[in-house]
Amino acid sequence: MTLPSILLAPTQVTDFSRFYQATVDRIEYPRTITELHQLVTTSKKPIALAGGKYSMGGQVWCQDGLVIDTAQLNAITAFDPEKKVVTVQAGIRWRDVQEFLLRHGLAVQVMQSYNDFSVGGFLAVNVHGRDP
Ligand SMILES: Cc1cc2nc3c(=O)[nH]c(=O)nc-3n(C[C@H](O)[C@H](O)[C@H](O)COP(=O)(O)OP(=O)(O)OC[C@H]3O[C@@H](n4cnc5c(N)ncnc54)[C@H](O)[C@@H]3O)c2cc1C
C-alpha cells in the first residue's frame with residue numbers, strides 16, 4: 001500500500017496541493033484495530049492520522065512524527081437496512097460506502113464534491129456537503 005497523493009520518498013511527504021512539504025519519521029498502514037492500538041500506545045513520536053489525504057494544508061502529518069494511514073481500515077462492520085444505518089471503519093472511502101448502499105437500493109443524500117474522501121477525514125474536518 002502506498003501513500004499515492006503525498007508520497008515523495010519513504011519519509012518525504014507533501015500535501016494534495018504540493019504546497020507544503022515535510023519529513024516524517026515513518027508511515028504505517030494498520031490493517032486491524034489491534035495493530036492501530038499497538039501503534040498508538042507504543043509511539044514515542046507525535047502521531048498524525050491520514051485518511052484520503054485530500055486536505056491541502058499539511059493536516060495529515062507532523063514533522064518527524066508517525067503518520068498512521070487508515071486506508072486499510074476500510075471495512076463495513078454492520079448494516080441495518082430497516083433503520084438505514086451502516087457502520088464502517090474510519091478509513092473507508094465514500095465511494096465504497098456508496099457502492100455498498102447501491103446494492104441495497106440506498107444512496108447518501110448529501111455528499112461532498114468528490115467521493116474519494118474517507119469517512120474519518122470527513123468527520124475530522126466538519127465536512128460541508130453539496131445538496132443542489
Ligand atoms: C478537489 C477537492 C474538493 C473538495 N471538496 C470538498 C467538499 O465538497 N466538502 C468538504 O467538506 N471538503 C472538501 N474538500 C476538502 C477535503 O479534502 C475534505 O474535507 C475531505 O473530507 C478530507 O477527507 P480526507 O479523507 O481526504 O481527509 P485527510 O485529508 O486525510 O485528513 C483531513 C483531516 O482529518 C484527520 N483525519 C483523517 N482521518 C482521521 C481519523 N480516522 N480520525 C481522526 N482524524 C482523522 C487528518 O489528520 C486531517 O487533520 C475538497 C478538497 C479537494 C482537494
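**View 1. Arg-18 sits in the loop between strand E2 (12-14) and strand E3 (21-23).** Helices (H or I, at least four residues) and strands (E, at least two) are DSSP runs, numbered from the N terminus. Phi of Arg-18 is near 60 degrees, a positive value in a residue other than glycine. Most residues other than glycine have a negative phi. With a relative accessible area of 48%, Arg-18 is partly exposed; buried means under 20% relative accessible area, exposed over 50%, and partly exposed in between (1.4 Å probe, protein chains only).

A word on the model: it is predicted, with local features needing pLDDT of at least 70 and side-chain atom pairs counting only at pLDDT 80 or more, while totals for chains, interfaces and linings use all residues. Residues are numbered from 1 along each chain as its sequence is written, and side-chain values use heavy atoms, with hydrogens and water left out.

**View 2. Asp-64 has a positive phi too, at about 65 degrees, although it is not a glycine.** Look for Asp-64 in the loop between E5 and strand E6 (66-69). Its relative accessibility is 37%, so Asp-64 counts as partly exposed.

**View 3. Ile-47 belongs to strand E5.** Once neighbours within four places in sequence are set aside, Ile-47 is in contact with Leu-39, Val-40, Cys-62, Leu-66 and Ile-68; contact here means heavy atoms within 4.5 Å. For a sense of scale, Ile-47 and Arg-93 are 46 residues apart in sequence and 21 Å apart in space, C-alpha to C-alpha.

**View 4. Lys-44 is in the loop between helix H1 (33-42) and strand E5 (47-50).** Is Lys-44 buried or exposed? Lys-44 is exposed, because its relative accessible area is 80%. From Lys-44 to Glu-99 is 55 residues in sequence and 39 Å in space, C-alpha to C-alpha.

View 5. Where the two meet, five residues of domain 1 are in contact with five residues of domain 2.

**View 6. Zooming back out, the protein chain has three helices and eight strands.** Their order from the N terminus is β-β-β-β-α-β-β-β-β-α-α. The C-alpha atoms fill a box of roughly 45 × 35 × 25 Å along the principal axes. For 132 residues, a compact globule would have a radius of gyration near 14 Å, and the chain's 16 Å agrees; the radius is taken over C-alpha atoms, and the globule rule is 2.2 Å times the number of residues to the power 0.38. Of the 132 residues, 33% count as buried. Among contacts with a separation of 6 or more, 42% come from residues 24 or more positions apart.

**View 7. The accessible surface of the protein chain comes to about 8300 Å², and 54% of it belongs to carbon and sulfur atoms.** Areas come from the Shrake-Rupley method with a 1.4 Å probe; for residues, only the protein chains shown count as cover. As for charges, the mean positions of the 12 positive and 12 negative ones are 1 Å apart. Lys and Arg count as positive, Asp and Glu as negative, with His and the chain ends not counted. Each charge is placed at NZ of Lys, CZ of Arg, CG of Asp or CD of Glu.
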